[in-house]
Amino acid sequence: CQNCVQSVTSALKSVPGVRAVQVSLQDKRAIVAADPAQAGAARLAAAVVAAGFQASTASGGAGRQDRNP
């Protein structure tokens, strides 16, 4: 539901260092652009769990940094 998307998005955006969040319930995934020194995978997952949802990190996703060419 849209309220769930908003709740997860707000929880993730409340973590210091988070710059952008994209949540997809259909894919059961959130894509987060963040400073890994401030917003590590464990901290992000904890924020989602605190909001009342389940969370896990994607294999190989922790600390991944995408760069624009």
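Accessible areas here come from the Shrake-Rupley method with a 1.4 Å probe. On that basis, the protein chain has an accessible surface of about 5100 Å². Carbon and sulfur atoms hold 47% of that surface. The model is predicted. Its protein chain has 2 helices and 2 strands. Along the sequence they follow the pattern α-β-β-α. Buried residues make up 23% of the 69 residues in the chain.

**Confidence**

- The mean pLDDT of the protein chain is 85.
- A pLDDT of 70 or more is reached by 84% of the residues.
- Strand 1 has the highest confidence, at a mean of 95. Strand 2 has the lowest, at 93.
- Residues 62-69 stay under 50 in pLDDT. For this stretch the model has 2 contacts beyond four places in sequence.

**The strand pair and its hairpin**

- Strand 1 covers residues 18-24, and strand 2 covers residues 29-34.
- The two strands pair in the antiparallel sense, over 6 bridges.
- Ser24 has Arg29 of strand 2 as its bridge partner.
- Gln22 has Ile31 of strand 2 as its bridge partner.
- The hairpin of these strands has 4 residues between them.
- Lys28 sits in the loop between strand 1 and strand 2.
- Most residues other than glycine have a negative phi.
- Is Lys28 buried or exposed? Its relative accessible area is 77%, and the cut-off for exposed is over 50%, so Lys28 is exposed.

**The nonpolar core**

- The largest nonpolar core has 12 residues in all.
- Val5, Val8, Leu12 and Val15 are among them.
- The core also includes Val18, Val21 and Val23.
- Ala34, Ala39, Leu44, Ala47 and Val48 belong to this core as well.
- Which elements give two or more residues to this core? They are helix 1 (2-13), strand 1 and helix 2 (41-50).

- Leu12 is found in helix 1.
- Its relative accessibility is 3%, and buried means under 20%, so Leu12 counts as buried.
- Which residues does Leu12 touch, leaving aside those up to four places away in sequence? Val18, Val21 and Val23 are among its contacts.
- Ala30 and Val32 are also in contact with Leu12.
- Leu44 and Val48 touch Leu12 too.
- Leu12 and Ala34 are 22 residues apart along the chain. Their C-alpha atoms are separated by 9.9 Å.

- Pro36 lies in the loop between strand 2 and helix 2.
- Pro36 has a relative accessible area of 40%, which lies between the 20% and 50% cut-offs, so this residue is partly exposed.
- Pro36 and Val18 are 18 residues apart in sequence. In space they are 8.8 Å apart, C-alpha to C-alpha.
- Ala42 lies in helix 2.
- Ala42 has 64% relative accessibility, over the 50% cut-off, and therefore counts as exposed.
- How many residues separate Ala42 and Thr57 in sequence? They are 15 residues apart, with 7.9 Å between them in space, C-alpha to C-alpha.

**Cysteines**

- The count of disulfides comes to 0. The rule asks for a pair of cysteine sulfur atoms within 2.5 Å.
- Cys1 has 57% relative accessibility, over the 50% cut-off, so Cys1 counts as exposed.

**Contacts along the chain**

How values were computed. Residues numbered from 1 in each chain as written. Predicted model: local features only at pLDDT ≥ 70, side-chain atom pairs only at ≥ 80, totals over all residues. Heavy atoms only, no water. Pairing = 2+ DSSP bridges. pLDDT = per-residue confidence, 0-100. Contact = heavy atoms within 4.5 Å. Core = buried A, V, L, I, M, F, W, Y, C linked by side-chain atoms within 4.5 Å. Buried < 20%, exposed > 50% of the residue type's maximum accessible area, 1.4 Å probe, protein only.
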